[in-house]
Amino acid sequence: MSANIACPAFPSAPSVTKNIPRNENRQNIPTEKQTLDPFRQGLIIDGGVRYRQTLVIRSYEVGPDKTATLETILNLLQETALNHVWMSGLLGDGFGATHGMIRNNLIWVVTRMHVQVDKYPICTWVMMNQETRRLSKMPEEVRDEILPWFTERRAIEEEVPEKIIKLDDNAKYVHSNLKPKRSDLDMNHHVNNVKYVRWMLETIPDAFLENHKLSSIILEYRRECGSSDMVQSICEPDEDSIPVDDNINILRGFSLASEILDGHGLSGTFDKWPTRYTHLLQIKGEQKNEEIVRGRTTWRKKLSNTST
C-alpha cells in the first residue's frame with residue numbers, strides 16, 4: 001500500500017530542542033531550492049509552493065483492519081512537512097527552522113489540525129519562542145525569508161472554524177491516570193502531538209470501532225505535555241449525530257414495545273451509535289486541570305464484507 005500526501009502552504013516540523021552545535025547539524029542540507037528528491041520520492045509542485053511525496057505504508061504501521069492507522073498518517077504528515085522545508089533551501093538546523101528563525105530564536109509549532117481521510121490535510125502553524133515557550137509574531141526578517149513559499153490556497157475550506165466545546169469530568173467516557181512513556185517524547189522532551197490522538201481514540205468503545213472508521217478529525221492544541229504530567233482523556237458522543245435508519249423511517253408514527261425492538265432482533269437493523277464525538281485531553285493538577293488539546297472526530301460506518 002502507498003499514500004500520496006501533499007502538504008499545502010508552508011508547514012514545517014513541529015518543534016526543536018536546544019540550539020544544536022553546527023558540527024552536529026544534519027548533513028547535506030541543501031542551500032538552494034530543489035525541485036526533485038529521487039531518494040525520498042519527493043516533488044515540488046504548483047509553481048514551487050507545494051510539496052508531494054509518495055510513501056510506502058509498512059506492515060507495522062497498519063491496524064487490525066489492515067489499513068494505515070491515523071497515528072501513522074499524522075506521523076507521515078510531520079515527516080513530509082520537514083522534507084518540504086528541506087527541499088526549499090531555507091533549512092537552517094535540520095529540524096524545520098530557517099536561518100532567520102534561528103537568529104530570532106524561533107521554532108514551528110502546530111496549533112490546529114484538520115484532517116479528512118482520503119482528502120488533503122490542512123494544518124495551522126504558528127511560531128513559538130524557544131526559550132519562553134510563548135507564541136511569537138513573525139519577525140520581518142523571517143517573513144521576507146519565507147514569503148515566496150506562502151500560498152492562499154487551502155486544502156479544506158472552512159468559512160467559520162467549528163468551535164469545540166470544553167468537556168468536564170461528567171462526560172460519558174473518561175480515562176484517567178494516563179502517563180507518558182519515554183517513547184512518547186519528541187526531540188523537545190515533550191509528548192509528540194500525534195500521541196495525543198491515540199489517547200483520544202482509546203476512550204471510544206471497541207464495539208463502535210469494530211464497525212466504524214474515522215472520516216475527519218479536528219485538533220486544537222492548548223499547551224504542551226511533559227513526561228511528569230498525569231493525563232486524563234475525556235470523550236462525549238454527540239447524540240444528535242445518531243444516523244436515522246430507513247427502517248426507523250418506515251416505523252415512524254407506530255408505537256413499538258421496547259422488548260420487541262431489543263429482544264427479537266429488530267434492533268439489529270438500527271445503528272444506535274453516534275457518529276460524532278468531542279474530546280479533551282487535560283493535565284490533572286492538585287488545584288486545577290490544564291487543557292492540552294480539544295478534539296472533534298467524525299466517523300462513518302465500514303462497508304460490509306470489506307476491511308477498508
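A nonpolar core is a set of buried Ala, Val, Leu, Ile, Met, Phe, Trp, Tyr and Cys residues joined through side-chain atoms within 4.5 Å. Buried means under 20% relative accessible area, exposed means over 50%, and partly exposed lies in between, with a 1.4 Å probe and protein chains only.

Two notes apply throughout. The model is predicted, so local features need pLDDT of at least 70 and side-chain atom pairs count only at pLDDT 80 or more, while totals for chains, interfaces and linings use all residues. Residues are numbered from 1 along each chain as its sequence is written, and side-chain values use heavy atoms, with hydrogens and water left out.

**Stop 1: the cores**

Select L74, Y196, L219, L281, I292 and V293; these have the most contacts inside the largest nonpolar core, which has 39 residues. Helix α4 gives the most to this core, with six residues. Helices (H or I, at least four residues) and strands (E, at least two) are DSSP runs, numbered from the N terminus.

L74 touches M113, V115, V194 and V197, leaving aside residues up to four places away in sequence; contact here means heavy atoms within 4.5 Å. A separate core of eight residues includes I44, Y51, L82 and W86.

**Stop 2: helix α4**

Select residues 193–201, which make up helix α4. Is this helix largely enclosed or open? Eight of its nine residues are buried, so α4 is largely enclosed by the rest of the structure. The buried ones are N193, V194, K195, Y196, V197, W199, M200 and L201.

At the start of α4, a side-chain oxygen of N192 comes to within 2.9 Å of the backbone nitrogen of V194. A polar contact is a pair of N or O atoms within 3.5 Å; within protein, one must be able to donate a hydrogen and the other to accept it, and residues adjacent in sequence count only if both atoms are side-chain atoms.

**Stop 3**

Which residue forms a salt bridge with K195? The partner is E71, with the closest N and O atoms 3.1 Å apart. A salt bridge is a side-chain nitrogen of Lys or Arg within 4 Å of a carboxyl oxygen of Asp or Glu. K195 in α4 and E71 in helix α1 (residues 70–88) are 124 residues apart, and the pair links distant parts of the chain. Both K195 and E71 are buried.

T80 has a relative accessible area of 0% and counts as buried. The side chain of T80 reaches the backbone oxygen of L77 at 3.0 Å.

**Stop 4**

The structure holds 13 salt bridges. Select R223 and E290, whose closest N and O atoms are 2.9 Å apart in a salt bridge. R223 lies in the loop between β9 (212–221) and β10, and E290 in strand β12 (residues 290–301), so the pair ties together parts that are 67 residues apart in sequence. R223 is partly exposed at 33% relative accessibility, and E290 is partly exposed at 35%.

Then select E220 and R222, whose side chains meet in a salt bridge at 3.4 Å, N to O. E220 is buried at 12% relative accessibility, whereas R222 is partly exposed at 39%.

**Stop 5: strand β10**

Select residues 231–237, which form strand β10; six of its seven residues are buried. Two strands pair if DSSP finds at least two bridges between them. β10 pairs with strand β8 (residues 173–178) in the antiparallel sense over four bridges, and H175 stands opposite S233. Seven bridges join β10 to strand β11 (residues 276–283), and these two also run antiparallel. V231 has I283 in β11 as its bridge partner.

**Stop 6: an aromatic cluster**

Finish with F208, W273, Y277 and W299, which form one aromatic cluster. Rings of Phe, Tyr and Trp (its six-membered ring) pair if their centres lie within 6.5 Å; planes under 30 degrees apart count as stacked, over 60 as edge-to-face and the rest as tilted. The count comes to five aromatic pairs. The ring centres of F208 and Y277 are 5.2 Å apart and the planes stand at 65°, so this pair is edge-to-face.
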